Amino acid sequence: MRDPRYDILFTPVQIGPVTAKNRFFQVPHCNGMGHGMPLAHAAMREMKAEGGWAVIATEECEIHPSGDVSPYVEARLWDDRDIPALALMCDKVHAHGALAAVELTHNGPTASNLYSREVLIAPSHQPSKYGYPAQARAMDKSDIADYRRWHRDAALRGMRAGMDIIYVYAGHDLSLAMHFLQRRRNHRTDEYGGSLENRVRLLREVLEDTREAVGHRCGVAIRFATEELIGPGGIERAEAQDIVGMLAELPDLWDVNVAAWYNDSVPSRFAAEGAQEPFIDFVKKTTTKPVVGVGRFTSPDTMVSQIRRGVLDMIGAARPSIADPFLPKKIEEGRIDDIRECIGCNLCVSGDNTITPIRCTQNPTMGEEWRRDWHPETIAPAKSTAKVLVVGGGPAGLEAARALGQRGYEVNLAEARRELGGRVTREARLPGLAEWARVRDWRLGQIRKLQNVAIYQDSPLTAQDVLDFGAEHVVIATGCHWRRDGYGRSNGAAIPGFEGNAAVFTPDDIMDDAVARMPEGPVAIFDDDYFYYGSVVAEALRKHGREVIYLTPDDTIASWSANTLDYRHIQWKMAELGVEQIVSHNIVGYADGALELEHVWSGKRRALDCAAVVAITARVPDDALYRALRDREAEWADAGIRTITCIGDALAPGLIAHAVYAGHRYARELDEPRQGEVPFKRHFHSPRETDLLRIGD
Ligand SMILES: Cc1cc2nc3c(=O)[nH]c(=O)nc-3n(C[C@H](O)[C@H](O)[C@H](O)COP(=O)(O)O)c2cc1C
Ligand code: SF4
């Protein structure tokens, strides 16, 4: 049962006219499904409610076509026809005794209006934030009145949908209510600009409007950014203190955090659990209303400490609720070891940024609740008594073994190395990635509770070993390794001078502590991969005092990391470490300690002296065992083998998330009927407009 130390986490909190049953608050998070996939969205939120969160919020919810954030798919309450989609969520959330919250926002100059084709609006004339080739126009008094009316109408619609809490959003540099506060966005000379009192006026009015419209039934929450970390052009702590002081008792709840988004959802590489405390700790001293804050909280001790020390009243969480929708329930039931802790990789964020349903490295069921009926905690029992052999103890193999074990299969896992975890264990040794080991640790912890899963370390298997083993199903999850020859996105053939050159290294070498045996002199990192490896290898080399040149054919370093909000942190880190960057350059050869570089646009060539190169280009599946077994397919039946399946990096190298998902999917689908060519449900729009209108009534 629950440890009494954590009792305080399970005491109720009054939020205006509604009561949260405990202190766990799933703060707003977008998910790439939003208004476009309302059934999938509702099912995902329901899982959090079932898992014990007292409050479940939507993501940003657009209130008017002039604040259209397309192509991003968030929630939407433009008119009454949007109500049913959000009502779906409310019904699901209420079924588990949780409260539903909606985060109303008009994104002003941080919208796009690419879909609505309305003119952007802002406190003053200014360029749109995200580089769209249009400016936002300054709002006049009638626009301000319209905006207040849209917000009020959306609050009423939220209430009609069944929302218990209506948010006024003044966070992340993403909403008009915040833009009016910011000196750099608000140059007005009327009563809405200039002095702090004037800049706060609109936020105050919107809070009052919301309270007046729905305050009898709904709690009114404010999400407020207390620091933008950009100096006086942005909200700074001192000014934020004044603002909280001015509005202290107006909302029923303060949800406070740091802006912009990349300073809030900071990857674990760059911020530890609870890192926002110094920026928000004043709020509780300034208001008597409950305060929610965030900080990738996964430890119940940290949560209790936040409450006992008077920092927070409620534990806000986005990522921890994604990695483990059942986190509160596990604490409540005294199952702390079962918590699937977020690793801070921010793959979940990439769903929003790539406009696709949310994915999570730790939780392969995230985003699959409706379309595949996957539950994060339960799984169908085994359909047979088959014995399964899993070869490889990396993220794919461990997850396959765990989930197969959960289903009740007899599972044996053989790992060639002494250590388990495969790439997770190896990558977690790189600078900043230590928390990624949680992918391994959670799975091993779960497996150790299962009597029907045996693990054999130090056990490389040959094809004959597998045939002799007596398993009916074999899963090959033997991972991959990095290429050394330079072949990759930018080079369709090996780079001359790479093969057989002892001065060419790979990320595998760095993970095997090769830095100490690298020749003296500058090291070039050749990043043709574009995600995180280039910068972590740079950090590893700088730790050893090596001079580093970060070289990439791309026009910027680590371009894909923009999708995970790592990008700016990587740039800051590289600047701090004094890593030189050479972008838009490919390598055409390496000889006599010099690389020959070619500018990708001009074709101009130049030499770059370097003692060593780390090639981050492409990976090769370690599938020799799988191929050897395929070659002996005629012998499978005699050996009692029904299927041999290759998964994860051994099939096609990808992210850790891909490997975990592959292992999970294998386990879910074993002995189950094939689902057809499209193995999941989809949302379809009715081809008849009249049907749509009827749905919206
Ligand atoms: C995938 C994802 C989407 C998010 N979308 C929103 C959003 O729509 N509105 C918002 O106010 N915050 C959003 N956030 C920020 C979170 O609410 C939260 O403040 C932040 O992630 C820090 O909390 P955490 O450490 O518990 O993740 C999002 C965060 C994530 C991870
Ligand atoms: S994707 Fe990564 S950061 Fe996001 S919730 Fe999952 S483990 Fe955490």
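**Exercise 1.** In which kind of crossing, right-handed or left-handed, does H3 pass H5?

*Solution.* The model is predicted, with local features requiring pLDDT of at least 70 and side-chain atom pairs pLDDT 80 or more, while totals for chains, interfaces and linings use all residues. Residues are numbered from 1 along each chain as its sequence is written, and side-chain values use heavy atoms, without hydrogens and water.

Step 1. Identify the helices, which are DSSP runs of H or I with at least four residues, numbered from the N terminus (strands: E, at least two). H3 spans residues 141-161 and H5 residues 196-214.

Step 2. Consider the geometry. The axes of H3 and H5 lie 9 Å apart, at an angle of about 35°; axes are lines fitted to C-alpha atoms over the stretch in contact, and angles run from 0 to 180 degrees between N-to-C directions.

Step 3. Apply the rule: a crossing is right-handed if the near helix is turned clockwise from the far one by less than a right angle, and left-handed if anticlockwise. H3 passes H5 in a right-handed crossing.

Step 4. Examine the contact (heavy atoms within 4.5 Å). Among its residues are Ile144 and Tyr147 of H3 and Leu202 and Glu205 of H5.

**Exercise 2.** Determine which polar side-chain atoms lie by oxygen atoms of ligand 1.

*Solution.* Step 1. A polar contact is a pair of N or O atoms within 3.5 Å.

Step 2. For aspartate 264 the distance to a ligand oxygen is 2.5 Å, for glutamate 103 it is 2.6 Å, and for asparagine 257 it is 3.5 Å.

How values were computed. Chains are lettered from A and ligands numbered from 1 in the order in which they are written. A polar contact is a pair of N or O atoms within 3.5 Å; within protein, one must be able to donate a hydrogen and the other to accept it, and residues adjacent in sequence count only if both atoms are side-chain atoms.
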